[in-house]
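Hi everyone, thanks for making time this morning. I'd like to walk you through a protein chain, so let me put it up on the screen.

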Amino acid sequence: MSQRSERRGIHVDQSELLCKKGCGYYGNAAWQGLCSKCWRDEYQKARQRQIQDDWALAEKLQREEEAAYVSSHSSSQTQPPQSHSQHSLATFSKFEEKKTNEKTRKVTTVKKFFSPSSRTAPKKESHEAKTPSPSITRQSSIETDRVSRDFVEFLKTLHKPGREIHKHSRAFIDSMGNKKDLSAEELSECVQDFYQGMSDRLLNHFKGSSEKVDRVMDQVEKYIMTRLYKSVFCPETSDDEKKDLATQHRIRALHWVTIQMLCVPVEEEIPEVSDSVVKAITDIIEMDSKRVPRDKLACITSCSKHIFNAIRVTKNEPASADDFLPTLIYIVLKANPPRLQSNIQYITRFCNPSRLMTGEDGYYFTNLCCAVAFIEKLDAQSLNLSPEDFERYMSGQASPRRQDDPAGWPQSGSRVNPVLTQIQHNLSVLSSLEKRQQQVIEGAQSLEAELTEWQESVAREVQEILERYPLDIKPRASAIDAENVENDRLPPPLQPQVFAG
């Protein structure tokens, strides 16, 4: 324990989780450390600046076209015919070249602004592209039908506002069906604009009652995102799938990281702690099966609570934030959740922003983003290892779990992972079963040899008896009429007759 206490653990100051603008809400790495509100403000300002720049570029291009036209027209009146023709062609050629360059710059600028990202990989050819998402107007799945019915039943309790909410929600879903070619950021902007507009209308109706507004917005989000899930989760215009594969490969490459390297204050040999760790892993994996951002957040929150419980049982005291983050990193490394980056981006883009800015959901989600960022940047210094050992472990040349390596991890006297203990026990049982199986096979072969030898011995004894006492078969006695060759001349046998008395 003394050695472990001397090791430098993973520490993130709680102020680093907050928005860089200082508004007090939780920030997000996907929003460059800003909260959803500040990010939207910055996004809108950047968008307005880009639109103004595009208009200024268009006006500049128009003025240059007019100036070139006036210049070429005035020169045609002062020059001789031959030289005028040559000069006009040269001027027109230069003008066309300049015009083409300016238009190319303008188109490139506009495309760059409306494209999802410069890092987005180009779309594959049609035969390599992913299967297009099914239309949201096609027959809904069973889950979608259930959510739609629940949404309608909920809106019935609101009477007239419920009909308006349902009308706007259906109209928004229909409009999103024509926006599949938009970038992920633009799809997010459309959904967030709808959330904002719906929230403003509900605030006016409920006289500023935020509790009722949140309750209605939760149902609206559930209905909207269940219907749009297939078209907005990991869209083809984003590089989410590429990030998923990179993160998955990264976590697989870090399979050798132990609980001691991360200074995780968890004793997995304690049954209650081990059970909490398993539940935390199950929750973070189950996140991918949910469709609604709020349900995905609920899985993260449940996972985090199991982590806090495991720390509390181990330390016999309430867990601290400094203990939570390294344990969350350990859980993510052990679970390797499917489509982790896609799920994080989906929550970031389409969750009700109020959930990500405040409350325990926002806090746990921000910590998960920090954990993923730490895993992506994990190095030797983070794990208190030498660069040489880190490279050897990453390349697979050595493993800290090897027991024949005295310098490996864990050292003698340190706690052994109960999972490794169970694996060793299972290997021992398999080895014992293999020996018993070999004994059974040898016994069966011996029995087969004995049966063959017994069969041969019985056959030899029978043959000896036959040779010693040969079988004498006497002829069978003939029947009485056997020698009567004229039996056809014999009278018929007597038959009993009945006389009437």
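**Starting from Leu 368**

Let's begin with one side of the picture: setting aside neighbours within four places in sequence, Leu 368 touches Ile 284, Ile 300, Leu 328, Val 332 and Ile 344. You'll find Leu 368 in helix α14. Is Leu 368 buried or exposed? With a relative accessible area of 0%, Leu 368 is buried. If you'd like a distance to go with that, Leu 368 and Ile 329 sit 39 residues apart in sequence, and their C-alpha atoms are 8.1 Å apart in space.

Across the protein chain the mean pLDDT is 78, and 70% of the residues reach 70 or more. Which elements mark the two ends of that confidence? Helix α1, residues 2-6, has the lowest mean pLDDT among the elements, at 39, while helix α10, residues 293-315, has the highest, at 95. There is also a stretch at residues 135-139 where pLDDT is below 50, and beyond near neighbours in sequence that stretch has eight contacts in the model. Residues 402-414 stay under 50 as well, and there the model has 13 contacts beyond four places in sequence. Where pLDDT is low, the predicted coordinates should not be read in detail.

**The overall picture**

How many helices and strands are there? The protein chain comes to 16 helices and zero strands. It has 501 residues, of which 35% count as buried. Taking contacts with a separation of 6 or more, 74% are between residues 24 or more positions apart.

**Helices α9 and α10**

Now to α10 and its partner. Two packed helices are described by the angle between their axes and the distance between the axes. Helix α9, residues 271-286, packs with α10 at an angle of about 165°, and the axes are 8 Å apart. That angle is over 145, so α9 runs roughly antiparallel to α10. Their crossing is left-handed. On the α9 side, the residues making the contact include Val 273, Ser 276, Ala 280 and Ile 284, and on the α10 side they include Ile 300, Cys 303, Ile 307 and Val 313.

Thr 301 is buried, with a relative accessible area of 6%. Beyond its neighbours within four places in sequence, which residues does Thr 301 contact? They are Glu 360, Asp 361 and Tyr 364.

**Around α5**

Let's move to α5, which I'll pair with two other helices. The axes of α5 and helix α7, residues 210-232, come within 11 Å and cross at roughly 30°. That is under 35 degrees, so α5 and α7 count as roughly parallel to each other. Here α5 passes α7 in a right-handed crossing. From α5, the residues involved include Ile 165, His 166, Phe 172 and Met 176, and they meet a set in α7 that includes Val 216, Tyr 223 and Leu 228.

The other pairing is α4 with α5: these pack at an angle of about 145°, and their axes are 8 Å apart. That crossing is right-handed too. Phe 151, Val 152 and Leu 155 in α4 meet Gly 162, Ile 165, His 166 and Ser 169 in α5.

In the loop between α4, residues 142-156, and α5, residues 160-176, you'll see Thr 157. Thr 157 counts as exposed, at 53% relative accessibility. A polar atom of the Thr 157 side chain lies 2.5 Å from the backbone oxygen of Phe 154.

**Two backbone angles**

I'll finish with a pair of loop residues. Most residues other than glycine have a negative phi. Cys 234 has a positive phi, near 50°, and is not a glycine. It is found in the loop between α7 and α8, and Cys 234 is buried, at 13% relative accessible area. Asn 384 has a positive phi of about 60°, and its loop runs between α14 and α15. With a relative accessible area of 29%, Asn 384 is partly exposed.

Notes
Residues are numbered from 1 along each chain as its sequence is written. This is a predicted model: local features need pLDDT of at least 70, side-chain atom pairs count only at pLDDT 80 or more; totals for chains, interfaces and linings use all residues. Side-chain values use heavy atoms; hydrogens and water are left out. Helices (H or I, at least four residues) and strands (E, at least two) are DSSP runs, numbered from the N terminus. Buried means under 20% relative accessible area, exposed over 50%, partly exposed in between (1.4 Å probe, protein chains only). A polar contact is a pair of N or O atoms within 3.5 Å; within protein, one must be able to donate a hydrogen and the other to accept it, and residues adjacent in sequence count only if both atoms are side-chain atoms. pLDDT is the predictor's confidence in each residue, from 0 to 100. Contact means heavy atoms within 4.5 Å. Axes are lines fitted to C-alpha atoms, for helices over the stretch in contact, and angles run from 0 to 180 degrees between N-to-C directions. Angles under 35 degrees count as roughly parallel, over 145 as roughly antiparallel, 65 to 115 as roughly perpendicular and the rest as oblique. A crossing is left-handed if the near helix is turned anticlockwise from the far one by less than a right angle, and right-handed if clockwise.
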